[in-house]
Every structure is written in C-alpha cells, then in structure tokens.
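Open the model in your viewer and keep the selection panel at hand. The stops below say what to select next and what is there.

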Amino acid sequence: MSDRGSNSLGASLGSAVQFVDGHLQAVRTITTGLVVIGIVMLGRSVRLMTKFTSVLEIPNNFIDKSIKLRGRIHQVTENGLEIEHIPIYLPFISSLQRKWQSDGLLMIRLAGLQMTDEGRTWLTEQVKSPHVIWFQLLRRDNSFVDCMVKLNKGSIFSVSLNEEILKKGLGRAVKIEGLHSNPKLYWRLQTKLLKAELKAQKTGKGIWKEPTILEKVSNNVQNSNIFHHLNNLLSWVKSFRNK
C-alpha cells in the first residue's frame with residue numbers, strides 16, 4: 001500500500017474516532033435506548049409465551065386489544081367451553097417457563113349469543129377434546145372470558161362457532177359486551193352475528209322453524225276455551241262414574 005493510501009486511511013480512522021469522542025453521550029444514549037427496546041420486546045414476547053391457567057392471569061391489555069389466543073378443547077360446559085391455553089412456543093424460553101407454570105383451564109363463553117339446549121348438544125358433538133381453537137378476547141366477567149371462537153377445520157380453514165350456532169337456529173343473537181373502546185370491531189362482529197341469525201330466520205332453521213298447518217290447528221284447538229271446557233266435562237263425567 002502506498003504512503004498516500006496509508007495516510008488517507010489513517011485520516012479516515014482519525015475522523016471516525018474524533019466523531020465518536022465528540023458524540024460519546026449520544027452513542028451511549030442510543031445504545032441504552034436499543035437495550036430498553038430489546039427488553040420491552042422480550043417482555044411482550046414472554047407474555048405471549050406464557051401459558052394462562054386462569055382467566056384472571058390474562059393481562060388487561062390483551063383483552064383491551066382483543067388479542068387472539070390458541071387453545072385445546074377439554075369439554076363443553078353449560079356456560080361454554082373449558083380450554084387449555086396453548087402459548088407461542090420458543091424452545092429455550094418455553095422450556096424454562098414450564099418448570100414453574102401450574103395447570104389450569106380457561107372458562108370461555110361464546111360472545112354475542114344466547115344458546116339453546118339444542119345448541120349445547122350440537123356444540124358437544126362438533127367440539128371434542130383435543131380439538132384446537134382460536135379465541136378472540138372481548139370481555140372478562142369474573143372467572144369467565146367472552147370470546148369469538150373459531151374451530152380449525154384442517155390445516156387451512158376454520159369456522160366461527162358463534163356464527164354457526166346462529167346459522168343453525170340454535171341460539172339468538174344478543175349485544176356483544178366489552179367493546180366500548182373499539183366501536184369498529186364491535187360493529188364488524190355484531191353485523192356478522194346478525195347476518196347469521198337472519199339466515200336461520202329465512203331458512204326456518206331451529207328456533208325459527210315455522211309450524212305446519214296441522215301443528216297450528218292442533219295448537220289452536222288445545223289453546224281454545226272449547227277444548228278446556230270439554231276437558232273439564234270429561235273429568236266431571238269420569239269422577240261421576242267412579243262414584
């Protein structure tokens with residue numbers, strides 16, 4: 001290398017050293033900032049990798065942001081679903097967390113609907129252990145959390161259990177609670193549920209099934225005053241004969 005090239009390289013290095021010396025505080029500040037950002041991101045990742053064994057363990061900001069989580073079905077209950085939360089898995093961190101995490105199940109209710117007994121029967125037939133679901137957090141209510149629930153169908157497709165129940169006429173749509181701070185999401189989800197219920201009404205499924213003419217006539221006869229009078233007369237005749 002020529003003396004001219006060496007002098008040029010030395011001058012460049014000298015300028016770089018002078019720049020760092022002159023902005024040493026700024027370099028330290030940037031380094032500290034990057035470390036803080038890394039810690040914050042790691043903290044958020046750890047929360048996403050934490051297995052929640054109780055509804056009360058779910059952070060408030062998860063519910064406020066309507067975070068979607070994954071879980072494994074254990075059983076269908078009178079109020080909804082019992083599921084085991086499946087957190088994001090990272091080999092090293094997840095293995096360490098398992099050592100101090102306790103066992104427990106999350107109690108989930110299907111948001112935006114009132115389910116009939118027939119709906120629970122259908123849900124029991126469709127959702128079995130160990131099926132995997134995705135549940136979107138909407139509201140915490142004591143030991144329950146209201147969610148929109150999607151059931152995996154194969155590796156690509158999924159169906160909304162909330163909508164399917166309404167489409168089959170196995171429940172009624174009600175107001176979704178807990179989305180006061182996110183009206184856009186509220187209207188999007190509420191509209192889907194109302195459309196599902198309207199489809200059941202148009203096709204006459206489940207609770208929206210229209211009675212046949214024979215059933216209408218039979219109901220009218222049974223509810224009429226003449227029918228009640230005849231029943232009373234027959235009861236009186238039977239009691240008279242027994243005497």
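Start by colouring on confidence. The mean pLDDT (the predictor's confidence in each residue, from 0 to 100) of the protein is 79, and 62% of its residues reach 70 or more. Now select residues 35-46, where the pLDDT is below 50. Beyond near neighbours in sequence, this stretch has two contacts (heavy atoms within 4.5 Å) in the model. Where pLDDT is low, predicted coordinates should not be read in detail.

Two notes on reading the rest. This is a predicted model: local features need pLDDT of at least 70, side-chain atom pairs count only at pLDDT 80 or more, and totals for chains, interfaces and linings use all residues. Residues are numbered from 1 along each chain as its sequence is written, and side-chain values use heavy atoms, with hydrogens and water left out.

**The hairpin**

Select β1 (68-76) and β2 (81-86). Helices (H or I, at least four residues) and strands (E, at least two) are DSSP runs, numbered from the N terminus. β1 and β2 run antiparallel, joined by six bridges; two strands pair if DSSP finds at least two bridges between them. Look for R70, which stands opposite I86 in β2. The two strands form a hairpin with four residues between them. In the turn, G80 has a positive phi of about 160°.

Stay in that loop and pick T77. T77 is buried (under 20% relative accessible area; exposed is over 50%, partly exposed in between, 1.4 Å probe, protein chains only), at 17%. Leaving aside neighbours within four places in sequence, T77 touches E82 and R120.

**Around β2**

Which residues cover the two faces of β2? L81, I83 and H85 lie on one side, E82, E84 and I86 on the other, and all are buried. Six of the six residues of β2 are buried, so the strand is largely enclosed by the rest of the structure.

**Helix α7**

Finish at α7 (residues 183-203). Its buried residues are L185, Y186, L189, Q190, L193, A196, E197 and A200. Turn to the opposite face for the exposed K184, W187, K195 and K202. Just after α7, G204 takes a positive phi of about 65°.

Note on methods: Expected span 1.5 Å × (residues − 1).
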